[in-house]
Each structure stands twice: as structure tokens, then as C-alpha cells.
Amino acid sequence: MSVLLEATGISKRFGGVEALKEVSLTIEQGEIYGLIGPNGAGKTTFFNVLTGLSGADSGHFHFAGRPLDISAPHLVAAAGIARTFQNIRLFANMSALENVMVGRHLRTRAGVVGAVLRNAATRSEEAGIARRALELLHYVGISERGNDLARHLSYGDQRRLEIARALATEPKLLALDEPAAGMNATETGALRQLIEGLRGDGLTVLLIEHDVKLVMGLCDRVAVLDYGEKIIEDVPAKVRRDPKVIEAYLGGTVV
Amino acid sequence: MSVPKRNVRLGIALIAVVLSALPFAVGLGMGNAWVRVLDFALLYIMLALGLNIVVGFAGLLDLGYIAFYAIGAYLYALLASPHFGLHWPAWAVLPLGALVAGLFGILLGAPTLRLRGDYLAIVTLGFGEIIRIFLNNLNSPVNITNGPQGIARIDPIRVFGVPLSKPLEIFGVHLPGVYLYYYLFVLLALGIIFVTVRLEDSRIGRAWVAIREDEIAAKACGINTRNVKLLAFAMGASFGGVAGGLFAGFQEFVSPESFSLMESVMVLCMVVLGGMGHVPGVVLGGLLLAVLPEALRHGAGPVQQMLFGRVLLDPESLRILLFGLALILVMQYRPAGLWPSATRRREFSKPGP
């Protein structure tokens, strides 16, 4: 396996709080990589730094064989990293289909002139955008809700829609921030299938999750953050037996 | 979507007939002053459509929009009047006005990229006032704008050398100047509607709406929000610049008082009342708010005379009073605007089954 993402010495402070302390980790091509830790351990901060939403104080990323420019979110997305949000962030008053079509923005070109003239190139590009968006709705299993406003979708469907929108940017790495939060057992099971399907299709997944059972069952490797520091990075079987992890995160009981 | 092509053509033909006949119907029925009102309504429709791109599509509250109208108007006034002795043709000045206003749009947009909502409103309001105050005071030490007196004797717009300010006789049909301007304005307004509708249903339009809905998510989706927002400011401003140039040529006079904050608020009301983000609604809003106050101005006096035998309320203050009342009623009973888009209507309603 080859390394897809390499984070080296990522640090981030918020005033006196060290949210991330020299975090280094490597994610390999094609794996599902779990990032867990107690609340406030810095998982989402790591996501925000990685996706360019908040700058790092030090450290750098290497992605797909080249240095990753994290100075702006759209550059990260263009490099091939797509994300979802812990508190779902959809375009609430756009239809589900339009949400996914927005995701195609990055991989399409039409500008003002093309839009106004609607020449052959723009028309075929638009048709391609709509077609791909519909395929992705199908892929995540909500194609019948395509014309509904995003905010009228059920919670589970909104999560799926957010994944479809992220996939529309053609990522190499999909970063999911607590995708199972607030889901019931059935929805979580379906989500698990979806994520396994993504891996099956060659995508690398970075997963933040509180649901320990889901993470341990799904991930190839897991890293544990505690107070902004990575305390271990290993296969789930070893992570769940590590005393530091049990102390920091699992509350003293072996799951 | 499923409307047959024949019906579409029929509809277009019908609209063309109505739009061409309208000045005759209005002019012969109510007098040419009302055709003039119609001309102004068309200018306001263009402004409302421009502001709609910024406020309705991209969700950036702009309270200084009239500044771009002023820039277009003064550019025309300076380049085509005896003030500097320049007499550039309209076909050159109008596109230049669009370009310069667009540049000013970027100039306003660039420092305000991080602002939203109230904060953006305050900065844009300030921008609008700055432009007006500049126009008011740029008469010394070097006289550029002629200050509060404004610039007079501006060249009328000429199409193929024919000035639109003078009546024209075509095939025995007498066309006064206001009719000629009407036709020019209708064509340009249709052009702006066309551009807006095309943009709305495009990659760019979706990116604007995405920014309105959730800027962070839009960024994460790979949208370069800086460029896309600046584009919205520039496009909206350029429409305002064109309308401003037309205004200057039509009026043959410009002065800073035409570009007060009240005008910005008026255009914003047209957008909001009509139906933010919905092109037909915005056109309706522009038409209503441009025509109704005039109707009140002319109608209020005689009606009171008839009912009470004398004029109790000054028509001018009554106009503002009724205008305020209308605003409150519309916001109360149709918060999404008079003619909102289907999506927007759903947005303001409770989630259905």
C-alpha cells in the first residue's frame, strides 16, 4: 500500500488551549482510517485544519505525492479531499439534486459567458452535471428524494446527501465527521454498508466517530487523540487493548 | 418543462405584441407623462434585477447599490455633455459604464468579503453615501462633477444617429421621444432578464445560491467563494451602471440628489417585495413600486377632492404613508414576496408531508 495522506507535526492553538499538539499520522491508499478520542480531543480541529477551514500554527501535510496547500478550503477540495460536517451543513433551501450539482462546481468550467450563451459545450457540461448528480443520489440511496428541498429530508437522508455532495467533488480522500451521530441502529448499519461500499470502490476514508463499535468494526486502522495529542495509531484490535486508550477514552472498561 | 414549443412561441409573440403596444395604450389613454413613468419603471426593473443578483442570489445585503447607478449616470454625463466638451456616442459610453460600475463593484466587494448580513449592510450603506458625497463635492479645486448643481445638457441617446429625445415619424406613425426611449429600455431590460435567467440556471448561479445558503459548506465543496462573490458584486453593479447611463441620457441632467440612500432602499424594497431571487417577482416588484407611487401622487389629490370636497392630506406624505402600510402588509401576509419562486415559497412554509 502507498501513503495517501501524511500529516507531520500539526499544531493548533486557540488562545491558551492547545487543540492539537504535534499530531502526525499517515493514511494509506484505500483504507478506512478512524480518528477517535473523547470530546474536545481535537478531532474536528484536525479536520478543519486539514480541509483549510482553519489554519495550522505549525506542521504540514503531504497528499497524493505532493505538499498540500491548506491556505484555502477550495484548494484542498481541488487537491482531492472532500468532507462532511458534524452538524450537517447542506444548502437547506436547494433541492437534494442541486446540492449534489453544487459539488460538481470544482470539476466543471462554465463561466459567465458560457452560462449566458449556453453554447454546446456548456449544455453538454450541464447535462453531465445533472447526470452525475443523479447517479450519486442513486449511489447513496436517496434518488427518489432528488427534487425535495434538502431541509425536508430525514436526518439519515441528510447525512447521505452530504456524502453524495462530497463525492461529487471527485475526492481521493473522503473525510467524514461523525456521520453516525444521532442515528439509530438501523441507520448506522446502513451507513456502515455505504462506507464499506466506498472503500470497495477504491476511496480512502477518514472517519471521526464516537460510536466505538462502528469504528472498531469498520476501520482498518485507528488513531486516538487525547487532549490534542495522538496517543496511539494501530489496528483496532490493538487499540482497544491499549491501556492508555482505555484510560483516556474507554473509561476503564474494555469494549 | 413540458410546455410544447408552439405554446412557447405563441407566448413570446403575445408578450412582444403587448410590450410594443403598451406605450400607445398608455400614451393615448392616459397621456405621455405616463409613458415617461413607464420608462422610469423599466430603469428601476433593471436596477432591481442587478441588485437581485447580489441580494437575492448570493445573499449579500447591499444597501449602497444606487452608487453603481450614480457611477453609470455620471460617466455618461461626463463623457457626453458640454461639461468637458466630450460627446462620446452612447454605444461606447453604456458598455463602458457597465465596465466601470463592475470594477467599482469589485472595489466594494474586495474589502467586504468576510462580512455578512448587518455588517455588510452597514459597509455598503457607507459606500453608497461616499459616492454621493464625492459627487456632491468634486467641484473644487478641480471641477469634475459640478457639485450639487449637477450636469445639464447631456447628449440624448442616439441610435444609428437618430436622437431618441425628438419625435420620430415612421410610416406615418408619430413616435414621441418617450416612446422611443421606452422601446430602447424594453430591449435592454429584456436583455438583462435574459442574462439573469441564464446565469441563475447555471454553474455560477448555483454557486451564488450555495454561498447564500451556507458559505462554509460552499467553500468545502470547492467553490472559490472570493471570486464567486466578487463576480456577483461585479455583475449586479454592471447592470446598475447600464441603467445609470440610460438614466443620464434620458433625463439629460444628473445631480447627486438622484442617488440618495432612499433610492437604494427603494430598489431593495422592489427586490424583497417582489420575491427575492425570483426574476419574474423582481420585475413585478420593480414595476409596482415605480408605478404605484406615481399613481398615488396623481390620484390622491383628486380622490380626496371628490370624497371630502378638499385635500385633507398632502398627496406626497400620503404616498409615503400608504407605501409604508403596503410594505407592512406584504411582509405580514406574503413574507416571501408577492411572487416568490416555488422554492422560496416552500422555504417560508412549514415542511409538508
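Predicted model: local features only at pLDDT ≥ 70, side-chain atom pairs only at ≥ 80, totals over all residues.
## The six-stranded sheet of chain A

Chain A holds an open sheet of six strands, in the order 6-7-8-3-9-10, with mixed pairing. Its edges are strand 6 (81-83) and strand 10 (229-234) of chain A, each of which pairs on one side only. From one strand to the next the twist averages 20 degrees. Strands of a sheet pair through backbone hydrogen bonds, and they do so either parallel or antiparallel.

Ala223(A) stands opposite Glu233(A), a residue of strand 10 of chain A. The hairpin of strand 9 and strand 10 of chain A has two residues between the strands, and in this hairpin Tyr227(A) takes a positive phi near 45 degrees.

## The four-stranded sheet of chain A

Chain A also has an open sheet of four strands, with the order 2-1-4-5 and antiparallel pairing. Strand 2 and strand 5 (66-67) of chain A are the edge strands, each pairing on one side only. Strand 1 (residues 3-14) of chain A pairs with strand 2 (residues 17-28) of chain A in the antiparallel sense, and eight bridges are found between them. The bridge partner of Leu5(A) is Ile27(A), in strand 2 of chain A. Two residues lie between the strands in this hairpin, where Gly15(A) has a positive phi near 60 degrees.

Strand 4 (residues 58-63) and strand 5 of chain A run antiparallel and are joined by two bridges. Phe63(A) has Arg66(A), in strand 5 of chain A, as its bridge partner. Ala64(A) is placed in the loop between strand 4 and strand 5 of chain A. Although Ala64(A) is not a glycine, its phi is positive, at about 50 degrees. Most residues other than glycine have a negative phi.

## Helices on the sheets of chain A

Helix 1 (residues 43-50) of chain A packs on the six-stranded sheet, where it touches strand 3 (32-36), strand 6, strand 7, strand 8 (204-208) and strand 9 (221-226) of chain A. The direction of helix 1 makes about 140 degrees with that of strand 8 of chain A. Helix 1 of chain A also lies across strand 1, strand 2 and strand 4 of chain A, and runs at about 110 degrees to strand 1 of chain A.

Helix 7 (residues 185-200) of chain A lies across strand 3, strand 7 and strand 8 of chain A. The angle that helix 7 makes with strand 8 of chain A is about 150 degrees.

## Helix packing in chain B

Helix 11 (residues 279-308) and helix 12 (residues 315-333) of chain B pack at an angle of about 130 degrees, and their axes are 9 Å apart. The two helices are therefore oblique to each other, and their crossing is right-handed. Helix 11 of chain B contributes Leu289(B), Pro293(B), Leu296(B), Arg297(B), Ala300(B), Gly301(B) and Gln304(B) to the contact. From helix 12 of chain B come Pro315(B), Glu316(B), Leu318(B), Arg319(B), Leu322(B) and Phe323(B). By class, the residues of this contact are eight nonpolar, two polar and three charged.

Helix 12 of chain B also packs with helix 10 (residues 261-275) of chain B, at an angle of about 30 degrees and with the axes 11 Å apart. This crossing is left-handed. Met266(B), Cys269(B), Val272(B) and Leu273(B) of helix 10 of chain B meet Phe323(B), Leu327(B), Val330(B) and Met331(B) of helix 12 of chain B. The contact of helix 10 with helix 12 of chain B has eight nonpolar residues, no polar and no charged ones. Phe323(B) is listed in the contact with helix 11 of chain B and in the contact with helix 10 of chain B.

## A cis peptide bond in chain B

The peptide bond from Ser140(B) to Pro141(B) is cis, its omega being near 0 degrees. Pro141(B) lies in the loop between helix 5 (117-137) and strand 3 (158-159) of chain B. Most peptide bonds are trans.

## The contact between the chains

The size of an interface is often given as the accessible area lost when the parts come together. Chain A and chain B bury about 3000 Å² between them, with 62% of it on carbon and sulfur atoms. Chain A brings 37 residues to the contact and chain B brings 33 residues. Asn93(A), His105(A) and Val116(A) supply 21% of the area that chain A buries against chain B, more than any other three residues.

Conventions
Residues numbered from 1 in each chain as written. Chains lettered and ligands numbered in written order. Heavy atoms only, no water. Axes fitted to C-alpha atoms, helices over the stretch in contact; angles between N-to-C directions. Parallel < 35°, antiparallel > 145°, perpendicular 65-115°, else oblique. Left-handed = near helix turned anticlockwise from the far one by under 90°. Contact = heavy atoms within 4.5 Å. Nonpolar A, V, L, I, M, F, W, Y, C, P; charged D, E, K, R; others polar. Pairing = 2+ DSSP bridges. Buried area = accessible area lost by both parts, 1.4 Å probe.
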